[in-house]
Amino acid sequence: MKAEDILSEIKKDYVLAKLKDGERIDGRKFDEFRKIEIHSGIIQKAEGSALVKLGNTQVVVGIKMQPGEPFPDTPDKGVIITNAELVPLASPTFEPGPPDEHSVELARVVDRGIRESEAIDLEKLCIEPGKKVWIIFIDIHAVDDDGNLMDASSIATISALLNTKVPASRFGLGEDFKLPIRDLPISVTSLIVGNKYLVDPSKDELSVGENTLTITTDKNDNIVAIQKSGGYMLSEELFYELLDVSARCARKIREDYLKIII
Amino acid sequence: MRKIVLPGDLVATNSKVAGQGTYVENGKVYAKYLGLLDKDETQVRVIPLKGKYIPTAGDMVVGITKEVTANGWFVNINSPYQAFLPLMENPEYKSNKKPNEVLDIGDAIIARVLNVDPNMKVTLTMKDKMCHPIRLGRIVAINPARVPRVIGKKGSMIKMLKNELGIQIVVGQNGLIWLNGDAKKISIVEEAIYMIEEEAHTEGLTDRVAEFIKRRKGDVEAKTNS
Amino acid sequence: MLKPKLIVDGKRLDGRAFDELRPIKIEADVLKRADGSCYIEMGKNKVLAAVYGPRELHPRHLQDPSKAIIRYRYNMAAFSVEERRRPGPDRRSIEISKVSKEVFEAVIMKELFPRSAIDIFVEVLQADAGSRAAGINAASVALIDAGIPVKGIVTSVAVAKVDGQLVLDPMKEEDYYGEADLPIAFLIRNGKIESITLLQMDGRMTKDEIKRVIELAKKGVMEIYRLQRDAIMRKFMVEEDEG
């Protein structure tokens, strides 16, 4: 048991005491996100990039592209490869080494949102059917984990894709062009405490347990990805309620932040 | 306002005045960490602005029991160093009891640092009238470097919090603070403590905290009345 | 690729004078979770450093009963360079981590914290020659921000020889095509350069050139030292003035 664990244990009482009074420790409503800041294009050496601050949580996403072989079952479509690094700089509990289950889950859930919403028009990324297509590397780099890296990564990923230029000229494949984006998937993660939910949980709030539900919706409010994370029982009522809450929160993020970028 | 000094800044040329937060090389006194310079004729000190709690004999601390052994208890004291409380240093221990019947994993205590050896093996004692197991109330955690500010000049801040709200407060040097009393009032003090931590080095802090408490007390009363 | 001319009309490719640093931006205390942190931009380099500790060290056999263990991890983000790099340490990162760790082993008062660990993490978000120096400069600020006792401030810069000319703080093209590159770090105390804490060189230079390189580096680090101090002062002064 390390010193940092004691702090989380102590915070837990505070979070639960507040919750009993129907409040969150930082005064937010239960369906309210922390303040979001998006800084697009901060990595000039990447084809696209964004730093997203979600409260104190910070994530940098960089997009790199290069020509490569398509998957045999989709010979005329570009390829998305998503990777997340939870580097030890970002949290006292992250260890150096190969991706653990948390970073794999993070990358896969973000990837699913992008893929299933068909946010990227992959057919426009075919260079030579069956032989050569564009490979899109989405690299998620967690920088400060103050809770809910998932949604910070989801917002950073779509923001980075929105400012991505396909580097065709560098590979002698004609002129550079804007990556064709046609949807804006946004994930919304809620912490589940009994029959209550807290949208966009902070690290302090997560001290009560890491039971979360992530719901990703596209611009038409369709659900494109769901991830229940943590060993807890989820009631059907709460799940249905969260489908609405998540779509509403995602719509607000899209309207408040992503409209400006497009 | 006190001057901020950085590590390596020359703070005195007479090694006799070297105090806390300084080091001496070739007769010169330098700051060893980031802090506020506190200087008079007899002593130069650097009061840290940040940093972990490093135990010193005599410190009052709040800790949580992490392991029970046949000889005593290992206690997490919010420090790079875990502390040990020997059976004989806990007055509640009787030879007919098992150690875990006296203190079990997860139990919180108020204890005093009895000894710190050169390898930083820390020994605690509870043979002190201030020391006892914590069975009620709540623990609040702050940056240990901000503890002096929560206590205030000659205990002024703590006195004010106690007088205004009538609750029990014990401030551990390790940044853990025990609060006991009415639950609503505990919440107000807890918020006040976070405010002190956040604004530790600002002017007129005591007045602002007093104002904050009055306002929050008013809110709570208004809620109960309506 | 053909080597371009690196010095034209007595000026460098980016218009700098020989003894001129790239633009530098430093900000202290930028990460919530870390005990101390710093963000630095040196030219196109964008680097974050975080310090955790002193903290308990596990497993126990790694502990040193007489002092803290210093660990340093230099890591490049996959998107930090033109060609995407595979995540994780390569041989270059491992070497940089080692020599950088030794810089801080020399200046941290580690005997004050027996059996503990002090971890320094450096993440290169964008690299453009000199990322190790940028990392060391940021790490030094992060250590001070964490309240860790150190003898002074460590400051690092590189000097290169390009087209026969000695230039301060080489950018990528100068580093790539240059005849020699010498990264160096100094301990600076109370505004005075005390000693060398990192020294590497590859390429070919005469003894006389090396001496001139050191002088050039000293000029550079004094400028960086002032920016490092400013970054910390700015952070903690603001705190004092608030309210």
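**View 1. A:Asp221 sits in the loop between β11 (212-217) and β12 (223-229) of chain A.** In this predicted model, the phi angle of A:Asp221 is near 70°, a positive value in a residue that is not glycine. A:Asp221 counts as partly exposed, because 13 C-beta neighbours lie inside 10 Å, and a residue would have to have 12 or fewer to be called exposed.

**View 2. A:Asp200 belongs to the loop that joins β10 (196-199) to α4 (203-206) in chain A.** The phi angle of A:Asp200 is near 50°, again a positive value in a residue other than glycine. Is A:Asp200 buried or exposed? With 25 other C-beta atoms within 10 Å, A:Asp200 is buried, since 20 or more are needed for that class.

**View 3. Helix α1 (residues 91-105) and helix α2 (residues 131-145) of chain C cross at roughly 40°, and their axes come within 11 Å.** The crossing in which α1(C) passes α2(C) is right-handed. On the side of α1(C), the residues that take part are C:Ile96, C:Ser100, C:Val103 and C:Phe104, and in α2(C) they meet C:Arg132, C:Gly135, C:Ile136, C:Ala139 and C:Leu143. Sorted by class, the residues of this contact between α1(C) and α2(C) are six nonpolar, two polar and one charged.

**View 4. Chain B touches chain C through 24 of its residues, which are in contact with 31 residues of chain C.** The side of chain B that touches chain C is made up of 13 nonpolar, five polar and six charged residues. As background to this view, chain B holds five helices and 15 strands, and its C-alpha trace spans about 55 × 55 × 25 Å along the principal axes. Of the 226 residues in chain B, 40% are buried, and, among the contacts in chain B with a separation of 6 or more, 57% come from residues 24 or more positions apart.

Key:
Residues numbered from 1 in each chain as written. Chains lettered and ligands numbered in written order. Predicted model: local features only at pLDDT ≥ 70, side-chain atom pairs only at ≥ 80, totals over all residues. Axes fitted to C-alpha atoms, helices over the stretch in contact; angles between N-to-C directions. Helix = DSSP H or I, 4+ residues; strand = E, 2+ residues; numbered from the N terminus. Left-handed = near helix turned anticlockwise from the far one by under 90°. Contact = placed C-beta atoms within 7 Å. Nonpolar A, V, L, I, M, F, W, Y, C, P; charged D, E, K, R; others polar.
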